[in-house]
Amino acid sequence: MKQSNQSQKGGTSFPKLSLVIPCYNEAERLEKLFVPLAGFEKKWKGELEVLIVDDGSTDGTEEAIRQHPVFRELEAAGRARLITYRPNRGKGFALKTGVMEATGDYILTLDADMSMKPGQLLRWMEMNGGRLPENEIWIASRELKDSSTEGDQSRRLAGNIFNRIVRILTPLDVKDTQCGFKLYPAAVAKRLFSRMKVHGWAHDVELLYRARLEGIPEREMPIQWFQEPGSKVSVVRDALKMLMQVLMVTLLLKWQFFISDPVRSIFGKNDNISGGGDRASVFRLLYFLSLAFLLFYMPYISKDYGITGDEDVQYVYGEHLYDYFASGGSNDTAQNCCPDLGANAPQNLHFYGGSFDLLASTVHHTLGLKGDPFRTRHFLNALFGFLALLFAAKLAKMYGGYTAGFLAILLLVLTPRFFGHSMNNPKDIPFAAAYIVSIYFLLKSIRQFPRPRISSLIGLTLGIALAISIRIGGLMLIGFTGLLGLWEVFANPELRKHFSRDFKHYLKIVLGVSLLGYALGILFWPYAHLDPINNPMKALGLMEQFNVGVRVLFEGKYIMSTEVPWYYEPKFMLLTLPLALMAGLILLPFAFLHKSYNKRHLLMLLFTVIFPLAYAIYKSSPLYDGMRHFLFVVPILAVLSALSWKALICKVPGRAGKGAVALLLAVLLFLPLRWMIKYHPMEATYFNEISGGVEKNFGDYETDYWFNALKPAVDWLVDEELKERSDTVLIIHNVSYIVRHMMKERGIPAIDRWGRYNNAANWSNRKKNRRWSDWDYAIFTPRFLDTEILKEEWPPHNTVYTVDVEGKAMAAVIRRPSKKDSEGYEALQAGDYERAIAAFEKYLEADPDDPVVLYYLGRACLQAGRYRDAARYLERSMELRKIPIDEEQEILLAQALLQGGQVQKGLDFIRKRIGEYEARFNAIGRSGVLNEYQRLMAAYQRARQSGADEDALRKLSNKLSGPSRSVQEYIGLARRLNAFYTLGANAWQSQGNMQKAEEWKKKAGQYAKLLK
C-alpha cells in the first residue's frame, strides 16, 4: 500500500491517519470528545486528520463544535474538519460520509462519546511490531479476555444476544460486531463504505459481511471500554430495528454478491468487482443459479418417479412411527415393525431409525394432503437429495472457492445414479445428505480449531443426529469427530504446542457433540427407546452382517448378497460412476500439489470415503443392488474430483491449455447430461461409456433393481390402452404392491395378481404360472429373471410396450390376444387332449407365433398320438424361443420324432443335445462345487442338530444358495441325459443295432444311478 508522509520513531511506522467520528446531538458531551482527541494528537507522530460528521443534530451540536477551542486549534492547523448535513440520516451514513472525505492512509472510526479512546491504537501497533495492517481490518472487541469493560451490563448482554443472532444469520464469527472502534486501510474502507446500503445501527454487520465475502480478513483486538452516560442507543427500542436491518443486510449482500455484481461484470459495467475479479464473480453467479434452479427443479420432477422396491414397507413403517408419536407411545407397533406386512415382507424395519419415514408421514397428515402419500415422500426425498448437493458444493467451495463449488454441483448432478436415487430412495439419500452435512461441519470446525464456532458445532451435532436417526451406521461419524480432530491437533504444530492447555476444551467438544448427537439421533427411534444403549448396538451388529440373503446379479451370474466378492462395490463404482467424476479422482495428485489446498484436509476427505468401503470389505458385509449402500460417499467423491479439476486448470499454463482442459471436462460432462435427458426418469440404471453402457451390461449386472420403470409402464397402459375401458381389467405382474397402488391412484378398476415371469417348475404350476391365470395384461420387470432369459428371450412375446434404456427393456407390458390358451391348459390337465388341441389351435389364429402355446399344443398332440403334428409344433416352439420352456421340452421333441417315424432326425437331435449337456455336466463336476455343497450342507446339518439360533442357520442357508443352484443344474442335466440315452437306446434297439443300444443303456444307467 502506498503511504504518504510517514514518520519513524523507535522503529514504529506512523502513516497519515484519518479519524472519522459521527455525532448526533452531542452538545452536552463535547468535553468527552475533545479532551482525548487533544491528548492523542500530541502522541501521534505522523499526519493526522480528524473528520467530525454531524448527523443532522438539532441541539446546537454544530455551533458548539465550531466554538470549542480544541476543534478550532486543530482546524487552524489543517488537521480537523466538520462535515454537516440535514436531516439526520443515521450513524452508518455519517461514517460513510466521513470515510469518503478522508485522505489518510488509514481510517479509524470511533464513537463521539469516546468510550474507547483513540490512544489505544498505539497499544495495537505495539502488539503488531509497531506497524499497522497491510490488508486487514482491526476490530475492537469487548469480549476478548485481554479487554476491560465498565458500564451497564444489561446493555452488554443485549449486545451479546444481538451478536449471537448475527453469527447465526451470517458467516461472521466476530465476537463484537457493534463496537464502533475499527481501523481500516484507506483503500479497503473506501471500497466497503462506498458500497454500503444500510445507514442505521446494523451498518457494522454489512461492512464486515462485505469484507468476509470479498476475502478481506478481520482481526479482533483487545480494548478498554467505559460506557459514558447519555448514549443514543436504546436496548428495547432499537433491538428489533437492528435485527430487521441484519436480515435486510444478509439478503441484500447475498443478492449483490451472487447476482448483481457478477451480472455487471459480465457486461463490463462493474469497476469494483468483489471477491477475486471477473472470473470468480462469474462462478459465484453459476454456483448460486445452479443451486437455486435445483432447489425447485428436483422436487418438481420428483413426480416423474415411481414407487421403489422397498418403499411400500418404508411407507408402512412411517405410518407406524407416526402413530407411535401421535399416541404418546401407547401405540407401540413401531417398536417391532412390521409383522402386519406379511411373512414375505421385511421384519427388521424397527432396526432403522426411520426419521425420514416419520417426517414424510407427519408432513402428509399434518398438512392434510389428500393426494398420493408417495408424491409427498418423493418431494421430501428430492429435498434431501438437494441437501446433499448443497453441502457437497459448500465443502468444495470451502477449499477451492466458487469455481470448485460449481464444479462439484455439476459432477454430482451429472452422476445419474445419485441423481436418480435422489427422488425416491428413502434410506440411502437421506443418509447421504446427513453424511455430507456432518463431514462439512466437522472439517469446518477443524479449520476453526482451537475455538470452533458454535454454529459449526451445532451443524455437526445435527448432522450426526440425522445420520443416526436414519441408519445406525451414522455412529461412525462420532468416531470421525474424535479421530480427525486428533489428527488435526497433532499434525498442526501450533495446535500441538498448546494441546495440554486446550485438552479439556477439545474433550468437551468431542463429548458434547457425540453425546448430544447420539441422544438426538435416537429421539425419534422407538426401538431405541426400549433400551437406548443395547438396542442401537444390536441394530449395528445386524446391519454389519445383514441376515437376509438377496439374490444378486453380478458378472453374468446370480449369487447371494452374503457371498459377493470383496471387489463388488469398487467394481460397481467403476462401471457406473460418470467419466468426468472418475477422471477427477485420477487427477487427485494435482489436488495434493495445489498450493492453496490443505493437503491434510484432502487426506481427511479421502479417509471418509475409503474407511467405510474398507470396513465393509473387512467385515464381508452383505451387499446388493449395486452401489446403493455406498451412495453416501458419492458427494465426497464429487468434491475431491472438483478440487482436482480446478487444480489441473490452475496448473496448466496458458489460456489455450486451460481452455483445452475446460473443453475436455465439458465433453465428459455432456455425456451423462445427454443420457439423463434421453432416458429420464431411468437415471438410476446408468452405466458409464467405458463399461459399454446399459446395452453391454444388461444381463450381467443389476439395472432397474429399484423398479423405476413400472411407473412409465403403468402410465402408458392407462393412457393408451385403458382410458376408454369401463370394465374391470385383470392385470398380472411380478411387483404386486407398486402396480396395485398406481392403478388405484389412476382410478382404474383393476384386479391384480402376482405372478412370476419365468421358472421352469412354474410352467406347470397352476397357482404361479401366469399362463393359467385369467388376465388381460401383464407387466413384468427383468429383476431376478434368469440371465439366459434376459439375454435371449426378453422382452417376452406379445409385448406391446417397453420402457427402454439403450434398447434394453426395463419393463414390458404384455397384451393377451386371446384367452383360449387358458381353456387349452385346463383341458390338457384334465386329459381331454382333443379339446386342448382345438383350444390351442383357436388361440394360434390370434397369435400364431406364441412359443408357449405351440409347446403345449405339441404336448397335447403327443398325448393324442399325433406324433408328426407334435414334432412340428414342438420344433416351431423351439425356433421361436431359444431357451427351453422346461426340462421336458427337448425330450418330448425327441420322443415325437422317434415315435413319428423320423428316427434318424430324432437320433441326430439327441446326439447334439447329449454333446452339449455332457460338456456342461462334466464342467460342473470338475469345478469343485459339489464338494463345497457337501461341506456346507454338513455344516448346516450340524448346526441344526446342535440347536444353533435362527440367524446362524439363515447365514449358512444363504451360503448354500450358490452351490445349491449349481447342484440343481447338475441334477437336472443328469435327468435330461438319462432320458436322452434311454430314448436313444430304444431307437437303436428298434433299428436292430444292439451294440449301440447296450452302450446307450449303460450310459442311461450311470445317470440313473447318480439320480438315486
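Student: Which helices do the buried residues of α32 pack against?

Tutor: The buried residues of α32 pack against α33 (833–846) and α34 (851–863), where contact means heavy atoms within 4.5 Å. Please keep in mind that this is a predicted model, in which local features need pLDDT of at least 70 and side-chain atom pairs count only at pLDDT 80 or more, while totals for chains, interfaces and linings use all residues. Residues are numbered from 1 along each chain as its sequence is written, and side-chain values use heavy atoms, with hydrogens and water left out.

Student: What makes α32 a helix, and which of its residues are buried?

Tutor: Helices (H or I, at least four residues) and strands (E, at least two) are DSSP runs, numbered from the N terminus, and α32 covers residues 820–830. Its buried residues are Asp821, Ser822, Gly824, Tyr825, Ala827 and Leu828. After α32 comes glycine 831, with a positive phi near 85°.

Student: Why is isoleucine 458 called partly exposed?

Tutor: Buried means under 20% relative accessible area, exposed means over 50%, and partly exposed is in between (1.4 Å probe, protein chains only). Isoleucine 458 has a relative accessible area of 46%, which lies between those limits, so it is called partly exposed. This residue is placed in helix α16.

Student: Which residues make the nonpolar surface patch?

Tutor: Ile454, Ile458, Leu462, Leu516, Leu520, Leu523 and Phe524 make a nonpolar surface patch of about 610 Å². Two or more residues of the patch come from each of α16 (454–470) and α19 (499–521), and α16 gives the most, with 3 residues.

Student: How do you know that β7 pairs with β10?

Tutor: Two strands pair if DSSP finds at least two bridges between them.

Student: What joins β7 to β9?

Tutor: Strand β7 is joined to strand β9 (residues 182–185) by 2 bridges, and these two strands run antiparallel. Here isoleucine 139 stands opposite lysine 182 in β9.

Student: What makes β7 a strand that is mostly covered?

Tutor: In β7 (residues 137–141), 5 of its 5 residues are buried. Both faces are covered, with Ile137, Ile139 and Ser141 on one side and Trp138 and Ala140 on the other.

Methods
Patch = residues over 30% accessible without salt bridge, like charges linked within 9 Å, V, L, I, M, F, W, Y side chains within 5 Å. Areas by Shrake-Rupley, 256 points an atom, 1.4 Å probe, with all protein chains shown as cover. Salt bridge = Lys/Arg side-chain N within 4 Å of Asp/Glu carboxyl O.
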